[in-house]
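I opened this notebook to record how the secondary-structure elements of one model are arranged.

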Amino acid sequence: AAAGAREEPGDPGPEEFVYGEEDFILRGTGWEGELGSAVSRFDRALLESWDDRMERGLFRYRLGPLPARLLPGPLGLAAQLNVQRGTERRPPQPVCSLRQPFDPASFNFTRLRPGEVLLRLRRSGPAAPDPLLVAINASPLERGHVLLLPEPVRELPQALTAPVLRGALEAALLSAHPGFRLGFNGLGGCASVNHLHLHGLYLGHPLPVEAAPARPLCPRHRLSLLFRGVPAPAFLFYAAGPAELAAVARDVCRAAEHLTDTGLAYNVLITRGDPPGGTGAGRGLRVLLWARRPSFGAKASAGFNVAVCELAGHLPLPAEPLYRDITEEEALRGIREHLLPEPELLRLGEDLARLLTG
């Protein structure tokens, strides 16, 4: 368990979850059934231990059914009301720099109780990525909302690395549920804790970013521009199968580092999805990289924050009037005010294509 964590009597320890390539679900299931109807060994271990921690009272609030609705409009944005997360979550840390160093005096994941850590993911065999811990998010958006962390004692700041991203891509392939997604919020992109982590959560509906066709920018490096039919334009990297995960992780992190070098913040989403050209060739993993103007200072506790979920088309909202009244047009306006103008985005795409082929 995490060093420095406060242990309570009866706290369970994390399960050692050893997996191999034979555990990857290469043919993702469809949307016909409810969560739980198609689960893998990984899903079962995660959800059962998550439910156990909820019964033990390790979360900041008890999560019940949450109101949700699709906003009228061509994109089908999904709004969800979660008042408790808006009022009871730990205040997000203020961020003042894209390269803000880790601060051991601020909240960080070395302070997790042992019972908050559910699994330790470790791949068997040679050339395996570093193990990742799977811990509860104490202020969950959904049932099964977790954090994926490298060993917290490494005290890494919130800047994505290729080994951690590769481990997250493998975790995505361990799930049989089509709505299991992983997301990363960078510094200046609504990250709440400056300690390296990704979010993992199960969403019960498809997102437009799964299937929208993309414009190729650098086919050799699987880089495209997802521009039409999505809430926010994004750079799209695609892995058709496990053999491509290491290269995709490396390219995404090279691109993200370039964004930081140019003064831009970023968010990343991992989801099952169609190839960049559209349907017909089976589903792999889509990795979306959003470039954005950085937002510094503490995040508001009530309001419309724009982080990875919102960019992808899932809108967790903290107040009933906002949930009831928000329109697709208003949501898109709030999302896109953080993004780059089209000419700047296109120039950035050309820069990334040159970077990856250089």
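**Conventions.** I worked on a predicted model, where local features need pLDDT of at least 70 and side-chain atom pairs count only at pLDDT 80 or more, while totals for chains, interfaces and linings use all residues. I numbered residues from 1 along each chain as its sequence is written, and side-chain values use heavy atoms, with hydrogens and water left out.

I took helices (H or I, at least four residues) and strands (E, at least two) as DSSP runs, numbered from the N terminus.

**Sheet.** I traced an open, mixed sheet of eleven strands in the order S1-S4-S5-S6-S8-S7-S12-S13-S11-S10-S9; two strands pair if DSSP finds at least two bridges between them. S1 (15–19) and S9 (215–218) are the edge strands, each with a single partner, so one side of each has no neighbour in the sheet. The twist averages 25° from one strand to the next. S10 (residues 223–226) and S11 (residues 234–239) run antiparallel and are joined by four bridges; Ser224 has Leu236 in S11 as its bridge partner. I then noted that helix H1 (residues 41–55) packs on the sheet, touching S1, S4, S5, S6, S7 and S8, and that its direction makes about 160° with that of S4. Contact here means heavy atoms within 4.5 Å. Axes are lines fitted to C-alpha atoms, for helices over the stretch in contact, and angles run from 0 to 180 degrees between N-to-C directions.

**H3 and H4.** I recorded that H3 (residues 162–174) packs with H4 (residues 245–261) at about 130°, the axes being 8 Å apart. H3 is therefore oblique to H4 (under 35 degrees is roughly parallel, over 145 roughly antiparallel, 65 to 115 roughly perpendicular, the rest oblique). Leu165 and Leu169 are among the H3 residues in this contact, and Val248 and Val252 are among those of H4.

**H4 and H8.** I found H4 packed with H8 (residues 342–357) at about 130°, with axes 10 Å apart. These two helices are therefore oblique to each other as well. The contact includes Asp251 and His258 of H4, with Leu348 and Asp351 of H8.
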